[in-house]
Amino acid sequence: MILSAIQLTRFSPEYLEPILLYEYLILIAFCFFLGLLEDFFKPSKKTNILVRLAITIGTLVLLFTSVSLKSTATIIFSIIMFSAFSFSVFLEIKQKD
């Protein structure tokens, strides 16, 4: 996945904006970090919420960037991801121990 992202930045088509690619890479990195934390470590509730908030903020930034670049597929994807991660933060906060 990382090699394909590097190849896309080097040999990217004209319609691919590099900023969108970098934002996708940051979003994927936060998601991997959350997965690693939940699988191998037992993070506290605050840490889990903070990582989910970082992912939510990343999807919101991706939404603003895609609106400014008028990328329809990325707008739809970021709206779906923003609503999904916002709901997961809500469920994490409301979850009773």
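Predicted model: local features only at pLDDT ≥ 70, side-chain atom pairs only at ≥ 80, totals over all residues.

**Notes on the fold and its helix contacts**

1. Read from the N terminus, the elements of the protein follow the order α-α-α-α. The count is accordingly four helices and zero strands.

2. As to burial, 26% of the 97 residues in the protein are buried.

3. Contacts across the sequence deserve a remark. Taking contacts between residues at least 6 apart in sequence, 57% join residues that are at least 24 apart.

4. How do the axes of helix H2 and helix H3 cross? Helix H2 spans residues 18-40 and helix H3 spans residues 45-69; their axes come within 10 Å and cross at roughly 165 degrees. Since angles over 145 degrees count as roughly antiparallel, H2 is roughly antiparallel to H3. The crossing of H2 past H3 is left-handed. Sorted by class, the residues in this contact are 15 nonpolar, six polar and three charged.

5. The pairing of H2 with helix H4, which covers residues 72-94, may be considered next. The axes of H2 and H4 come within 13 Å, with a crossing angle of roughly 25 degrees. Because angles under 35 degrees count as roughly parallel, H2 and H4 are described as roughly parallel to each other. H2 passes H4, too, in a left-handed crossing.

6. Which residues of H2 and H4 meet? On the H2 side they are Leu20, Tyr24, Leu27 and Cys31, and on the H4 side Thr74, Phe77 and Phe85. By class, this contact has six nonpolar residues, one polar residue and no charged residues.

7. Threonine 59 belongs to helix H3. Is Threonine 59 buried or exposed? Its relative accessible area is 1%, and a residue under 20% counts as buried, so Threonine 59 is buried.

8. The surroundings of Threonine 59 can also be named. Leaving aside residues up to four places away in sequence, Threonine 59 touches Leu27, Ser78, Met81 and Phe82. Among these, Leu27 also takes part in the meeting of H2 with H4.

Notes:
Residues numbered from 1 in each chain as written. Heavy atoms only, no water. Helix = DSSP H or I, 4+ residues; strand = E, 2+ residues; numbered from the N terminus. Buried < 20%, exposed > 50% of the residue type's maximum accessible area, 1.4 Å probe, protein only. Contact = heavy atoms within 4.5 Å. Axes fitted to C-alpha atoms, helices over the stretch in contact; angles between N-to-C directions. Parallel < 35°, antiparallel > 145°, perpendicular 65-115°, else oblique. Left-handed = near helix turned anticlockwise from the far one by under 90°. Nonpolar A, V, L, I, M, F, W, Y, C, P; charged D, E, K, R; others polar.
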